[in-house]
Amino acid sequence: MSIRVYIVEDHEDMRLILKRTLKKNFRDIEISGESETGEQALEDIPSLKPDLVLVDVSLPGIDGIELIRQLRPTQNGILILVVTGHSVELYKDSALKAGAQDIVSKSDMRIMIKSIRQLLDTYNT
């Protein structure tokens, strides 16, 4: 069974890095979609039904925290991991209160992979 992942990241290079990292480290991951904006993600996610959403904090239009706030009421079963270039501590409380399961720095892919493994382990049990 593959895990469907949706990526919300406004920088194309970072989306590519995230996709490569996921495919290299998880054999059962399928990228179900991606977008540059929170608005596009809000349109796509209900029909694509991802299991995991990777969300950047800084996005054009609505930011990642607001995206999570808007997703949570209708998409309660999905896992949300915030992946940020900013200080994790700066956004941790607001990300978790909005409904994310975790927040990690883009600068350390090993921690991101570890967090995804932990999320998927709890999701699969």
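What share of the contacts with a separation of 6 or more in the protein chain comes from residues 24 or more positions apart? The share is 66%, where contact means heavy atoms within 4.5 Å. This is a predicted model, in which local features need pLDDT of at least 70, side-chain atom pairs count only at pLDDT 80 or more, and totals for chains, interfaces and linings use all residues. Residues are numbered from 1 along each chain as its sequence is written, and side-chain values use heavy atoms, leaving out hydrogens and water.

**Overall fold**
- The protein chain has five helices and five strands; these are DSSP runs (helices H or I, at least four residues; strands E, at least two), numbered from the N terminus.
- Along the sequence the pattern is β-α-β-α-β-α-β-α-β-α.
- The C-alpha trace spans about 35 × 30 × 30 Å along its principal axes.

**Burial**
- Of the 125 residues in the protein chain, 49% are buried; buried means under 20% relative accessible area, exposed over 50%, and partly exposed in between (1.4 Å probe, protein chains only).

**Helix H2**
- H2 covers residues 38-48, and Gly-38, Ala-41, Asp-44 and Ile-45 in it are buried.
- These residues lie on the same side of H2 because they cover an arc of only 120° around the axis, taken from the directions from the helix axis to the C-beta atoms.
- Their cover includes strands E1 (3-8), E2 (29-35) and E3 (52-55), and helix H3 (64-71).
- Glu-43 and Ser-47 are exposed, on the face of H2 turned away from its buried side.
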